[in-house]
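I opened my notebook for a structure that is new to me. I wanted plain entries, one look-up at a time.

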Amino acid sequence: MGTLQNLSTRHPIWTLIVVVLVVGFAWLILAPWPPGLEQAMGRKRVFLNAILSGITLGALYFLVASGFTLVFGLMRNVNLAHGSLYLLGGYIGYGVVEVTGYWLLAFPVVFIVVGALGLLLQHQVFRRMEGEELRQTLVTIGISIVLADLMLWYWGGQSYQVLSPSWLSGPMTLPLISSLRSNGEAVYLSYPQVRIAILAAAIVIGFAMWFVLNRSRLGMLIRAGVDDRDILAASGVKIQYVFLAVFAFGAGMAGMAGIIGGTFQSLSPGEDTRFLLASLVVVIVGGMGSIPGAALGAVIIGLAEQIGLVYAPTYSVVFTFLIMAVVLAFRPQGLLGAQR
Amino acid sequence: MKRFIGATAALALMLPGAAVAQDTIKVGILVALEGTFAAGGADGVRNVELALKKVGYMAGGKKIETVVAATDTTPATTTRQARKLIEQDKVDIILGPLSGSEGIAMRDYSKTVPDKTVINGISGALETTWVNPSPNFFRFNLDGSQWGSGLGAYVVNKKGWKRVATVSADYSFGYTNFLGFAVDFCKAGGEIAERLWVPLGSSDFAGVIAKLPDNVDAIYLGMGGTDSINFLNQYQQAGGKANLIGGTIMADSTVLSSKGKAKDALIGTPTSGPFAADNPAPEWQSYVKEYQDAFPADKRFPIPSLFGVGYHVATLAMISALNEVKGDLSDGQKKFHAALSKLKLQTPLGVVTLNENRQASGSVFITEVSDKGDGTLTNKMVGRVDNVTQTLGMTADAFRAMGLPSRTTPDCKALGGK
């Protein structure tokens with residue numbers, strides 16, 4: 001709290017602006033809109049939906065990008081096969097749900113299978129070319145192409161959707177007023193349950209990752225490795241094991257994100273590169289190697305996509321890259337990236 | 001090649017008179033064999049072979065020889081391959097191309113070789129034969145706006161859906177296909193409450209779904225491929241229950257064969273397009289049978305694809321016109337061009353004629369998605385509109401005055417709608 005007070009006394013005007021913006025935004029979300037505002041901005045339901053969809057889409061991006069950013073932070077390894085791990089996880093998750101009928105069961109299975117593939121990749125491939133960034137990048141591109149073709153061969157070109165369980169299908173009512181009936185009765189917003197569940201899961205996973213990184217011995221090692229790999233290795237830590245654990249975890253996270261993506265979007269060839277690109281944009285905006293950065297970047301990109309799609313469909317594709325360009329121009333290390 | 005030699009050899013035995021004629025006509029098949037439409041392109045080649053085999057690779061008393069030139073659906077490759085066909089392979093006639101922007105490129109290229117002939121494969125951009133058409137470019141398939149025609153009147157008159165909101169893909173085919181639906185729908189007295197456009201390749205439509213108005217009879221969806229599936233998936237998750245109307249590629253075989261529940265939202269959805277798989281007309285049924293007999297089951301689609309049908313009809317047109325002029329391609333192919341323009345072509349899809357822009361008028365089929373009973377979905381034919389013209393039944397001036405397809409064209413009120 002001390003730093004926050006410091007900040008507010010040093011920049012009183014900025015603090016005021018931020019507070020006004022936050023209060024205004026909270027009012028936009030909570031209060032029923034007066035007719036004048038509805039005329040200017042469209043119905044409140046549309047606005048609320050755009051915001052919520054942006055945040056839930058951000059949750060998905062966060063799940064994909066968190067593993068990517070962790071691997072990069074620790075190993076300086078840009079894993080361009082990350083999107084393939086996402087797609088593979090989604091396909092395997094589809095198979096598990098089809099065979100067993102249990103959506104939740106797909107998550108541990110995929111985490112283990114895709115995590116094991118990550119272990120294999122790190123142990124057999126990347127360990128052999130440590131520190132050779134160009135070579136690693138080229139090899140990961142190669143692996144992603146091979147994996148994409150193998151998946152096309154096995155699962156074919158049609159698209160798949162992972163079946164969400166019946167207790168998550170359909171909409172739920174949120175305690176947010178979307179409009180007022182003429183008799184003054186409030187109409188509450190209804191929103192897809194599955195997306196709320198995904199948002200909740202992403203928040204839980206995000207906090208769990210933060211907890212492990214900041215409160216456990218493994219987290220301490222990882223943070224030390226991110227800061228200075230060589231000193232950590234010199235102090236007797238078997239850094240290869242840390243690398244293996246982190247790579248497997250990152251791969252497993254990508255795989256689980258694939259199930260989630262397959263549940264509320266769909267899986268088909270090409271989704272791998274789409275999510276690789278999304279992860280890249282997210283970590284560039286948020287800051288390479290930073291988990292809170294990935295969360296912030298993911299929410300910003302998710303919101304930009306959804307608000308753009310609803311209010312300016314023609315330019316929605318541009319917003320994402322515009323944000324990336326602005327961040328690169330003014331804060332090249334990313335919003336929460338450490339200056340090195 | 002073996003089949004080709006076999007066929008010509010067999011023919012030489014049967015028709016000694018024709019075999020004596022030394023002259024051959026070279027035909028280039030310009031088709032996408034790489035990229036998204038590769039499988040459809042391969043079906044195009046199969047269907048050219050099918051039509052030629054039926055006449056023993058002979059037309060107008062001359063032997064037909066084919067050369068395949070593969071494109072990747074980009075206009076640049078298409079033009080390069082077309083040039084190769086004309087300049088190196090010395091072909092007389094090109095059958096193709098397959099996709100919209102390739103068609104526009106070939107319209108422009110064909111103007112540089114006026115003494116050759118291009119018969120369109122299956123490309124469907126309106127502009128190809130509407131804006132500055134080329135005198136030696138002939139199209140025997142309907143364009144994207146014609147494919148949408150007939151559906152509007154069907155939903156107003158048969159379904160009683162008079163007020164709709166629309167969500168369509170924000171690119172040329174999305175506008176064109178929507179125009180075909182909207183012209184018909186508005187003329188029948190329908191009302192378009194809201195038009196929403198979504199960028200091609202969007203994957204998260206939650207915000208757009210929230211924007212759809214509640215007080216409409218149905219929602220028109222003009223998307224395709226994975227966009228359709230993502231939309232339907234999220235529409236179900238949001239609890240959407242409205243009646244749906246589909247554009248031509250909204251409920252095609254790529255969407256209906258996807259794995260998952262999203263497609264189930266389409267049951268009962270009317271769509272329209274250039275053919276119906278279960279068309280009972282004998283000419284269609286016998287064509288499907290010929291196709292199925294000609295190729296082993298693992299080397300073809302269950303029934304001919306849209307691309308296959310297009311190339312088949314193009315080949316039929318070439319054969320008929322060559323027969324009419326007795327294979328005479330002299331004098332800059334003038335007689336051949338005239339014969340093509342005047343054809344009253346019997347095709348598996350019904351009779352096709354060309355207008356003054358050398359663009360086909362023909363039949364549009366209206367289908368509804370239905371459950372086969374075993375969980376798989378199929379399109380059932382529920383209607384057919386014959387003789388749909390390029391100007392959708394309007395005069396050329398009225399059609400031109402409406403403007404080229406765009407986000408705001410057509411103006412529903414001007415057409416008698418609301």
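**Entry 1: what kind of model**

I noted first that this is a predicted model.

**Entry 2: chain A as a whole**

I looked up the secondary structure of chain A. I found 14 helices and two strands. Next I checked the overall dimensions. Along the principal axes, the C-alpha trace of chain A spans about 70 × 55 × 35 Å. I then asked how its radius of gyration fits a globule. For 340 residues, a compact globule would come out near 20 Å, and chain A has 22 Å, which agrees.

I turned to burial. In chain A, 47% of the 340 residues count as buried. The chain exposes about 16400 Å², and carbon and sulfur atoms supply 71% of that area. I also looked at how the contacts run along the sequence. Taking contacts between residues at least 6 apart in chain A, 71% join residues at least 24 apart. Chain A has 18 positive and 13 negative charges, and their mean positions are 8 Å apart.

**Entry 3: chain B as a whole**

I repeated the look-ups for chain B. I counted 16 helices and 15 strands there. The C-alpha atoms of chain B fill a box of roughly 70 × 50 × 35 Å along the principal axes. With 418 residues, a compact globule would have a radius of gyration near 22 Å; chain B has 22 Å, which agrees.

Burial came next. Buried residues make up 58% of the 418 in chain B. I read an accessible surface of about 15900 Å² for chain B, with 54% belonging to carbon and sulfur atoms. For contacts in chain B between residues at least 6 apart, 72% join residues at least 24 apart. The 43 positive and 39 negative charges of chain B have mean positions 3 Å apart.

**Entry 4: where the chains meet**

How many residues of chain A are in contact with chain B? I found 31 residues of chain A in contact with 33 residues of chain B. I wanted an area as well, because the size of an interface is often given as the accessible area lost when the parts come together. Chains A and B bury about 2500 Å² between them, with 48% of it on carbon and sulfur atoms. On the chain A side, A:Arg45, A:Gln161 and A:Leu309 lose the most area to chain B, together 22% of what that side buries.

**Entry 5: A:Ser178**

I picked a serine in chain A. A:Ser178 lies in strand S1, residues 171-180. Is A:Ser178 buried or exposed? Its relative accessible area is 6%, so A:Ser178 is buried, the cut-off being under 20%. I listed its neighbours beyond four places in sequence. A:Ser178 touches A:Lys44, A:Arg45, A:Leu48, A:Val187, A:Tyr188 and A:Leu189. A:Ser178 and A:Pro32 are 146 residues apart in sequence but 6.6 Å apart in space, C-alpha to C-alpha.

**Entry 6: B:Ser168**

B:Ser168 lies in strand S7, residues 163-169. Its relative accessibility is 0%, so B:Ser168 counts as buried. Which residues does B:Ser168 touch, not counting those up to four places away in sequence? I listed B:Gly174, B:Phe178, B:Leu196, B:Trp197, B:Val198, B:Tyr220 and B:Gly222.

How values were computed:
Residues are numbered from 1 along each chain as its sequence is written. Chains are lettered from A and ligands numbered from 1 in the order in which they are written. This is a predicted model: local features need pLDDT of at least 70, side-chain atom pairs count only at pLDDT 80 or more; totals for chains, interfaces and linings use all residues. Side-chain values use heavy atoms; hydrogens and water are left out. Helices (H or I, at least four residues) and strands (E, at least two) are DSSP runs, numbered from the N terminus. The radius of gyration is taken over C-alpha atoms; the globule rule is 2.2 Å times the number of residues to the power 0.38. Buried means under 20% relative accessible area, exposed over 50%, partly exposed in between (1.4 Å probe, protein chains only). Contact means heavy atoms within 4.5 Å. Accessible areas come from the Shrake-Rupley method with a 1.4 Å probe; for residues, only the protein chains shown count as cover. Lys and Arg count as positive and Asp and Glu as negative; His and the chain ends are not counted. The place of a charge is taken as NZ of Lys, CZ of Arg, CG of Asp or CD of Glu. Buried area is the accessible area (1.4 Å probe) that two parts lose on being put together, summed over both.
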